[in-house]
Amino acid sequence: CDCGANPCGEYLWDHRNTSLREWLVNDFVSNPDTGIHNPNVDGFYFDDGWTNVTRHWSRVLCDSDPYGGPTEEKPNCTIDMGLDQSELTAIFDNWRETITATNAAVLAADGFSWQMLNRATTPTAKQCKAFFERECGPHPTYSSTAFRYEFTDPETRPLPQVTTDLASFLLIRGDFAWIGHGWIGCITASSPPPTDPQGLYYRPPELDVDYGTPQGKCTQQGNKFYRTYSKANVTFDCDAYVGTITMRN
């Protein structure tokens, strides 16, 4: 098609438009037939977003533009749209308001959004003691919320520290926690089942072991941290920087 002087192809919401936010929250997300109030809908996957700073690592996407921009769009899109820093910041700030309002509507209907998950990874050796002291203390970051725990260096084969990652996860997890991978790359979608011919999302056999249920919170002795499960004992030694899982008889 003829788009005139500007390139063709991609269209974006302008979140400075408050009527758009009202439509997204009240008509789309809260729709009784196709939204969160339909008993068959448990939640949403709200993917991608905006930034008002340059993400240099993005390189081939629009959020690497001089002032940032939307994710997962062709580069130079903010230049094509003629957006300056103040306009982009206004869109970014209003996008955050849109996300806050949509998440509130989802929660009010007892639903869930994937983006509400906290993200955790195994701490570095330098962070180790402080990380577990916080998580085993009275005000943990993760055990009181839903979170996903991601393997260290997930594109390395074999995964470099499965047991240590898993031990860390078992030490800090609460009632709503998942361990695995974040997004690494696209795979072939077939119905059913999805296939992963490149092995991007490798599932280590340690995940299929039944470690039982936690018998309390993790505890600290010096630079070592412990947690008892009904079928295993879990330890993380920050001096040696290694996690272990010992099955109970």
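D48 lies in the loop between strands β1 (43-44) and β2. Helices and strands are DSSP runs numbered from the N terminus, with at least four residues of H or I for a helix and at least two of E for a strand. The phi angle of D48 is near 70 degrees, a positive value in a residue other than glycine. The model is a predicted one, in which local features need pLDDT of at least 70 and side-chain atom pairs count only at pLDDT 80 or more, while totals for chains, interfaces and linings use all residues. Residues are numbered from 1 along each chain as its sequence is written, and side-chain values use heavy atoms, with hydrogens and water left out.

D48 also belongs to the lining of the largest pocket. A pocket is found on a 1 Å grid over the protein atoms alone: it is an open set of points where a 1.4 Å probe fits, with protein on both sides within 12 Å along at least five of seven lines, and lining residues have an atom within 4 Å of a point. The volume of the largest pocket is about 1500 Å³. Here, grid points are joined across faces, edges and corners, and the volume is the space filled by probe spheres set on the points. The lining has 41 residues, and Y45, F46, D47, D48 and Q115 are the closest to the pocket centre. Helices α1 (18-29) and α3 (85-108) each supply at least two lining residues, as do strands β6 (147-150) and β7 (177-180). The largest share, five residues, comes from α3. By type, the lining holds 21 nonpolar, 11 polar and nine charged residues. Ala, Val, Leu, Ile, Met, Phe, Trp, Tyr, Cys and Pro count as nonpolar, Asp, Glu, Lys and Arg as charged, and the others, Gly among them, as polar.

Two of these elements, β6 and β7, are also part of a sheet. Three strands form this open sheet in the order β5-β6-β7, with parallel pairing. Two strands count as paired if DSSP finds at least two bridges between them. The edge strands, β5 (118-120) and β7, each pair on one side only. From one strand to the next, the twist averages 25 degrees. Such angles run from 0 to 180 degrees between N-to-C directions, along axes fitted as lines to C-alpha atoms, for helices over the stretch in contact. β5 and β6 are joined by three bridges. N118 stands opposite F147 in β6. Helix α5 packs on the sheet and touches β6 and β7, its direction making about 160 degrees with that of β6. Contact here means heavy atoms within 4.5 Å. The loop between β6 and α5 contains P158. A cis peptide bond joins R157 and P158, with omega about -5 degrees.

A second open sheet has four strands in the order β8-β9-β10-β11, and its pairing is antiparallel. The twist averages 20 degrees from one strand to the next. Six bridges link β10 (residues 232-237) with β11. In these two strands, V234 has I245 as its bridge partner, and T235 has T244. Helix α4 (residues 128-135) packs on this sheet, touching β8, β9 (224-228) and β10, and its direction makes about 35 degrees with that of β9. Helix α5 (residues 162-172) packs on this sheet too, touching β9, β10 and β11 at about 75 degrees to the direction of β11. The hairpin of β10 and β11 has four residues between the strands, and Y241 takes a positive phi near 50 degrees there.

The whole structure contains three disulfides, each a pair of cysteine sulfur atoms within 2.5 Å. One of them joins C62 and C77, with the sulfur atoms 1.9 Å apart. The torsion about its S-S bond is about -95 degrees, so this disulfide is left-handed. C62 lies in the loop between β2 (50-51) and β3 (69-70) and C77 in helix α2 (residues 77-80), so the pair ties together parts that are 15 residues apart in sequence. The loop between β2 and β3 also holds V53. Leaving aside residues up to four places away in sequence, V53 touches D63, Y67 and G68. V53 and N223 are 170 residues apart in sequence, and their C-alpha atoms are 39 Å apart in space.
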